[in-house]
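I opened this notebook to follow the ligand and the pockets of one protein, entry by entry.

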Amino acid sequence: MHKIVILRMGHRPQRDKRLTTHVALVARAFGADGVIIAGVRDIGVERSVRKVVELWGGPFFIRGGEDWEKVVQYWRSDGGLITHLTMYGLPVEEVLPSLRGKDLLIVVGAEKVPGKVFAVADFNVAVTNQPHSEVAALAVFLDRLFYGAELKKEFLKWKLKIIPGKKSKKVQKMP
Ligand code: SAM
């Protein structure tokens with residue numbers, strides 16, 4: 001299986017806890033393998049994401065405090081591609097055929113992303129050329145990458161699993 005990892009840039013612990021947590025939860029739910037938070041460690045965010053993995057299953061990892069340039073260098077030396085989600089990039093539907101079947105490091109920003117990221121990325125990819133959100137961009141990107149197959153993903157080692165219902169709220173518990 002090919003590795004899909006999200007590199008979260010620009011996390012500001014005072015402001016971005018919720019959004020960064022949502023980046024990680026969307027990454028997990030939509031089929032990625034893990035998230036790396038660049039530059040800072042935010043134990044609170046890491047803890048809440050790990051709690052979700054413990055309850056709802058994995059595998060999925062979250063790490064923090066890593067130098068983004070080193071992460072990019074390592075990823076490239078290991079043969080993977082760097083994909084940067086940005087409204088300035090090329091349309092996702094044009095770029096995806098070049099990305100499928102490869103190990104992908106998917107960079108998403110919080111506010112302004114350093115110009116260097118645009119230069120080092122193999123592909124700068126836009127999910128529409130309109131400004132919106134890293135959470136939405138990531139969800140659409142992963143859904144298109146996997147042709148929607150991630151919606152049926154089975155997680156492993158779960159303690160809680162929802163039994164879908166029209167009106168019920170049924171949760172199966174692993175003893
Ligand atoms: N104007 C900002 C910029 O410099 O890109 C927008 C920042 S936006 C709040 C945060 C992140 O959302 C961006 O770094 C990018 O990863 C993602 N994003 C926002 N709109 C996007 C789009 N249309 N396509 C792809 N990614 C997008």
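Entry 1, the site. I looked up where the ligand sits, and the space it takes is the largest pocket. A pocket here is an open set of points on a 1 Å grid over the protein atoms alone, where a 1.4 Å probe fits and protein lies on both sides within 12 Å along at least five of seven lines; lining residues have an atom within 4 Å of a point. I counted a molecule as sitting in a pocket if more than half of its atoms lie within 2 Å of its grid points.

I noted that this is a predicted model, in which local features need pLDDT of at least 70 and side-chain atom pairs count only at pLDDT 80 or more, while totals for chains, interfaces and linings use all residues. Residues are numbered from 1 along each chain as its sequence is written, and side-chain values use heavy atoms, with hydrogens and water left out.

Entry 2, the shell. I found 17 residues around the ligand, with Leu85, Val127, Thr128, Gln130 and Glu134 the closest, a residue being near if one of its heavy atoms lies within 4 Å. By class, nine of the shell residues are nonpolar, six polar and two charged. Among the elements (DSSP runs, helices being H or I of at least four residues and strands E of at least two), β4 gives the most to this shell, with three residues.

I took a polar contact as a pair of N or O atoms within 3.5 Å. A backbone N or O atom of Leu85 lies 2.6 Å from a ligand oxygen, and one of Gly109 lies 3.1 Å from an oxygen atom of the ligand. For Thr86, the backbone N or O atom is 3.4 Å from a ligand nitrogen.

I read about 430 Å³ of space here, and 15 residues line it, with Trp56, Lys153, Phe155, Lys161 and Ile162 closest to its centre. Its lining divides into nine nonpolar, no polar and six charged residues.

Definitions and conventions
Polar contact = N/O pair within 3.5 Å; in protein donor to acceptor, adjacent residues only side chain to side chain. Nonpolar A, V, L, I, M, F, W, Y, C, P; charged D, E, K, R; others polar. Points joined across faces, edges and corners; volume = space filled by probe spheres on them.
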